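Please consult the sequence and the model below alongside the text.

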Amino acid sequence: MLSYRHAFHAGNHADVLKHFVQIQLHEYMNQKDTAYTYIDTHSGAGVYALDGGYASKNAEYETGIGPLWERTDLPKGLKEYVDLVKGLNPSGKMRYYPGSPYCADKAMREHDRLRLFELHPADAKILADNFRKVELHQAENGIRPITRGKRVLVERGDGFHALKTLLPPPSRRALVLIDPPYEDKQDYRKVRDAIDDALVRFPSGIYAIWYPVLQRMESRGFADKLKRLPAKEWLNVTLTVTTPGPDGFGLHTSGMFIFNPPFTLEPMLRQVMPYLVQVLGKDAGATFVIEKGAQVTGSTTSRSASGAPRVPVGNARRGSPTAGTGSLRLPGQAPAGTPGAAGADAVRPRAAAPARAGRPNGPRPTGSGKTGPGKTGPRRP
């Protein structure tokens with residue numbers, strides 16, 4: 001299915017979560033001198049115009065990068081992301097929004113490699129043209145590559161298949177971003193299968209998966225299935241900006257699931273996620289959840305803004321017979337959810353955000369849920 005165009009959703013709240021986390025992963029990878037490979041299985045067009053064309057049709061950026069643009073109290077990690085977006089808009093006016101390939105190109109070092117894949121023919125051409133212009137501009141200014149081989153390779157093709165050919169990478173260091181359209185319900189299965197295979201080929205890679213939280217069955221159980229994959233560690237974070245509507249349409253929640261996350265990521269998320277809920281939240285249903293777990297022998301903890309303890313699932317539920325939060329617990333130990341039982345870390349619910357000037361509190365429509373040319377869809381950034 002090739003009807004999806006991400007330009008309709010560029011810069012929305014889901015993009016904020018995805019690209020903020022992506023930049024933090026690059027910052028961690030940059031701490032070692034050894035080069036690494038960035039693989040983007042569903043790259044999109046790379047850069048999107050917000051003041052015209054598809055993005056202006058629904059102006060979804062007003063739910064994401066828009067409210068952050070003029071803020072002067074941004075937490076450190078979030079400021080790095082907003083500064084990168086502002087670097088694409090030197091005039092100071094918010095006209096362009098970077099996709100994941102642009103974020104990667106700006107966050108990575110010159111000796112690191114980018115491998116970008118996009119199946120949609122129009123977006124694949126735009127992506128290739130964008131990077132070709134960058135190379136021409138550098139050549140005109142006398143900038144020559146310092147490493148052998150091609151730093152950026154753009155290919156029109158199936159990123160799921162390409163991932164198998166690229167792992168393990170020559171440098172034995174890789175960051176993989178998987179972000180399919182999720183128009184087709186088979187995408188959920190394809191993501192899981194791709195990660196399952198990748199963890200066999202290259203267990204130490206960092207794998208980041210963006211996903212929507214929708215009413216469809218495949219979406220509701222997606223994160224739980226990822227938790228059962230044989231990774232040493234995983235971290236899952238979701239951002240909800242508004243109470244889901246009764247019709248189930250619109251993207252109110254999205255998540256980033258990271259396998260082999262850097263130890264620096266969770267503390268950063270605990271600083272930034274409450275801020276995003278405060279600034280991007282539309283009503284009292286705005287919240288976030290942070291979960292982490294380890295393979296088989298590990299345990300899971302979670303933190304949410306809802307105040308309700310979360311019970312671990314999958315391998316995390318089996319993780320520790322002394323956790324008191326799964327089917328394995330010692331005789332006489334309190335069952336999951338019992339007040340005072342271990343295994344969950346929650347915070348109190350956030351109060352409703354004050355009304356913005358000229359606009360009352362309350363949820364706003366986030367799209368029709370339809371897909372196709374000229375229409376929005378419940379899909380990834």
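Among contacts (heavy atoms within 4.5 Å) between residues at least 6 apart in sequence, 76% join residues at least 24 apart. The model is predicted: local features need pLDDT of at least 70, side-chain atom pairs count only at pLDDT 80 or more, and totals for chains, interfaces and linings use all residues. Residues are numbered from 1 along each chain as its sequence is written, and side-chain values use heavy atoms, with hydrogens and water left out.

**Overall composition**
- The protein has 12 helices and 11 strands, taken as DSSP runs (helices H or I, at least four residues; strands E, at least two) and numbered from the N terminus.
- Of its 381 residues, 51% are buried, where buried means under 20% relative accessible area, exposed over 50% and partly exposed in between (1.4 Å probe, protein chains only).

**Helix H1**
- Helix H1 is largely enclosed by the rest of the structure, because 15 of its 17 residues are buried.

**Salt bridges**
- The count is 16 salt bridges, each a side-chain nitrogen of Lys or Arg within 4 Å of a carboxyl oxygen of Asp or Glu.
- Arg-201 and Asp-197 form one at 2.5 Å between the closest N and O atoms; being four residues apart in helix H8, they are separated by about one helical turn.
- Glu-291 and Lys-227 meet in another (3.1 Å, N to O). This pair links strand S10 to helix H10, 64 residues apart. Glu-291 is buried at 3% relative accessibility, and Lys-227 is buried with a relative accessible area of 3%.
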